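Subject: Structure handover

Hello,

Here is the structure for your files.

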Amino acid sequence: MILNFQKVDLLNKTVFRRIQFTPPLKGSEIMESEACLMYALNGNSIIYGSDRSITIGNEQSVLMKCGNFVSNWKVTETTVPYEVIAIHFFPDVLKAVFDPTIPEYLSAPRNKNNIVFHKIRANAILKSYIDSLMVYFDNPSLFTEDSIKLKLRELIGLLYQLDGGGVRAILSDMFNPHRAAFKKVVAAHLFHNLSLDEFATLLNISVSTFKRKFKEVYHTTPGQYITKKKLDRAARLLKTSEERVTDICYDCGFGDLSNFTKLFSKHYGFTPSDYREKRGSELLQNN
């Protein structure tokens, strides 16, 4: 549930957002012509990109280039509301911010790297910047056109100095969308609890197009294929690992234990616990 939402615009585009909420909360970032830094003041999330995922926690952030993403903010033991700052970068806004000359690393020829996002671990420099930005959010009258430009320019320079690897690769390529192959996206997220809507979002297509393309590629429906892959993996883990059934359920991308048990029993003729016990009995007999 959203508890508080603030946004700050420049050139009719939202560049700063502050969101306070109670988890769980899922959201999609559809960024056709922008990049974004998402900073978690408090909270834990899995961020799904087109062909991989990362996790961020308190005082960690992710820099995402142009593309589509899904974020899943998880429930934890904390009773403190989650709070996230999102800072968006648009080509025309950055042109105005750095007028008359855009830094070379933002205007370099586009390259075709495969980096869609980069995790930035907790560090004092970025935290100091976010703390200073919170003063503005707490005193909205401080947000003027000049101060907004100043804070954006400050952040870009800070990010460039912060990390010479992944961050710089994204800064030089952040408006060049990355489109992963259909099968690569499906394979990357088979065991994540994503809806068909979220798969379609990551591929930047409609749900109906996703279903049609899926049938063409895999010759079955998404629900049947994905469920079978999850059940096959769960069966392997029940045979070969000591993980709890509950952990296997969530590791394989099922939303809840009762649904997992129902589907597993229908497919294999045994509950997950009975299946594991049966496998153990077979091993004893073979010995």
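Helix H9 has 19 residues and reaches 27 Å from its first C-alpha to its last, close to the 27 Å expected at 1.5 Å a residue (1.5 Å times one less than the number of residues). Helices (H or I, at least four residues) and strands (E, at least two) are DSSP runs, numbered from the N terminus.

The model is predicted: local features need pLDDT of at least 70 and side-chain atom pairs pLDDT 80 or more, while totals for chains, interfaces and linings use all residues. Residues are numbered from 1 along each chain as its sequence is written, and side-chain values use heavy atoms, without hydrogens and water.

The axes of H9 (222-240) and H11 (257-268) come within 11 Å and cross at roughly 85° (axes are lines fitted to C-alpha atoms over the stretch in contact, with angles from 0 to 180 degrees between N-to-C directions). The two helices are therefore roughly perpendicular (65 to 115 degrees).

Elsewhere, four strands form an open antiparallel sheet in the order E3-E8-E5-E6 (strands pair if DSSP finds at least two bridges between them). E3 (25-31) and E6 (53-56) are at the edges, each with a single partner strand, so one side of each lacks a neighbour in the sheet.

Regards

Technical notes:
Parallel < 35°, antiparallel > 145°, perpendicular 65-115°, else oblique.
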